[in-house]
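Subject: Structure handover

Hello,

Here is the structure for you to look over. My notes on what was found in it follow below.

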Amino acid sequence: SKLGTRNEFRFEKGYSQGANGGLLEVHAPAQVWDGKIIAGVLTGEREISGPAVGGTFKFGSTSIPDSNFHADNLLIQKEAATLPDGFSMSSALPADRKSTLVLSTDMLNESGLGKLDLNVNGNITFASSTDLELAPGSTVTVIGYQPGKSVVIDGSIRLPGGTFNLSAQGATTIEALPRGGRRRSTALIRARSSARSKGFGR
């Protein structure tokens with residue numbers, strides 16, 4: 001930029017400026033996720049007021065009419081089986097994939113998500129292979145809407161400085177390490193600093 005009346009110039013080195021991630025919202029009773037989610041963000045060197053926040057992935061909704069299109073059951077585990085070779089838009093979904101939304105923690109951990117909202121009607125299961133670890137400050141909210149459905153957390157959930165919210169109308173079971181026994185399955189819920197969890201019972 002030109003300064004004063006003389007030919008004086010100042011050079012300013014280029015820099016990166018990050019921004020918060022966007023929102024991906026899905027409403028469908030039958031869903032299969034067989035790919036990757038890229039929702040990470042870049043925090044520039046001049047963003048001193050606070051880092052950029054990763055994107056939001058939202059399944060279902062808390063409001064009508066969107067809540068009429070919830071998936072039935074939810075299963076979170078390390079890996080999700082891929083669809084058969086040759087599967088196309090005209091192919092029929094396998095029966096077990098019609099009734100259950102299966103999400104891979106490998107996929108979620110690599111996504112860069114800052115917020116994950118899961119709204120379903122049926123049973124909710126975090127399998128023993130679950131090892132969910134999102135970015136610091138992330139929020140995970142899981143809501144089961146229909147009474148009489150179960151929630152089982154039998155894996156590991158790590159959200160440093162983040163929040164895990166669980167709301168369900170049925171029985172909730174958190175598997176724990178047996179006293180004096182070997183580690184078989186552990187529900188490890190960590191959310192350092194401003195952490196909170198709700199809706200848990202034994």
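Glycine 54 counts as buried, because its relative accessibility is 12% and the limit for buried is under 20%. Please keep in mind that this is a predicted model. The residue sits in the loop that runs between strand S3 (23-26) and strand S4 (56-59). Beyond four places in sequence, glycine 54 is in contact with Gly21, Ala39, Val41, Gly112, Leu113 and Gly114. Leucine 23 is 31 residues from glycine 54 in sequence, and their C-alpha atoms are 9.5 Å apart.

Glycine 54 is also one of the residues lining the largest pocket. That pocket has a volume of about 170 Å³. Its lining is made up of Val41, Pro51, Ala52, Val53, Gly54, Gly112, Leu113, Gly114, Ala135, Pro136, Gly137 and Ser138. By class, 7 of the lining residues are nonpolar and 5 are polar, with no charged residue.

**The cavity**

How many cavities of 30 Å³ or more does a search of the whole structure find? The search finds 1. The space in the largest cavity comes to about 40 Å³. Lining this cavity are Asn121, Gly122, Ile124, Gly144, Tyr145, Gln146, Lys149, Ser150, Val151, Ala168, Gln169 and Gly170. The lining divides into 4 nonpolar, 7 polar and 1 charged residues.

Two of the lining residues, Gly122 and Gln146, are described here one at a time.

- Glycine 122 is in the loop between S7 and strand S8 (124-126). With a relative accessibility of 3%, glycine 122 counts as buried. Apart from residues up to four places away in sequence, glycine 122 touches Asp72, Asn73 and Lys149. Between glycine 122 and alanine 71 there are 51 residues of sequence separation, but the C-alpha to C-alpha distance is 7.8 Å.
- Glutamine 146 belongs to the loop between strand S10 (139-144) and strand S11 (151-153). Its relative accessibility is 36%, so glutamine 146 counts as partly exposed. Glutamine 146 and alanine 168 lie 22 residues apart in sequence and 7.8 Å apart in space, C-alpha to C-alpha.

**The core**

The largest nonpolar core holds 29 residues, and the members that touch the most others are Leu74 and Leu103. Strand S7 (residues 115-120) makes the greatest contribution to this core, giving 3 residues. Which residues is leucine 74 in contact with, leaving aside its neighbours within four places in sequence? They are Thr100, Leu101, Leu103, Leu118, Val120, Asn123, Ile124, Thr125 and Val142. One of these contacts, Ile124, also lines the largest cavity.

**Threonine 105**

Threonine 105 lies in helix H2. Is threonine 105 buried or exposed? Threonine 105 is buried, because its relative accessible area is 1%. Not counting residues up to four places away in sequence, threonine 105 touches Ile76, Gln77, Lys78, Thr130, Asp131 and Leu132.

**The chain and its confidence**

The chain has 2 helices and 16 strands. Of its 202 residues, 35% are buried.

Mean pLDDT over the chain is 78, with 82% of residues reaching 70 or more. Helix H2 (residues 105-109), where threonine 105 lies, has the highest mean pLDDT among the elements, at 94. The lowest mean belongs to strand S16 (residues 197-198), at 41. Over residues 177-202 pLDDT stays under 50, and the model has 64 contacts beyond four places in sequence for that stretch.

Regards

Note on methods. Residues numbered from 1 in each chain as written. Predicted model: local features only at pLDDT ≥ 70, side-chain atom pairs only at ≥ 80, totals over all residues. Heavy atoms only, no water. Core = buried A, V, L, I, M, F, W, Y, C linked by side-chain atoms within 4.5 Å. Buried < 20%, exposed > 50% of the residue type's maximum accessible area, 1.4 Å probe, protein only. Helix = DSSP H or I, 4+ residues; strand = E, 2+ residues; numbered from the N terminus. Contact = heavy atoms within 4.5 Å. pLDDT = per-residue confidence, 0-100. 1 Å grid on protein atoms, 1.4 Å probe; cavity = no way out; pocket = protein on both sides within 12 Å on 5 of 7 lines; lining within 4 Å. Points joined across faces, edges and corners; volume = space filled by probe spheres on them. Nonpolar A, V, L, I, M, F, W, Y, C, P; charged D, E, K, R; others polar.
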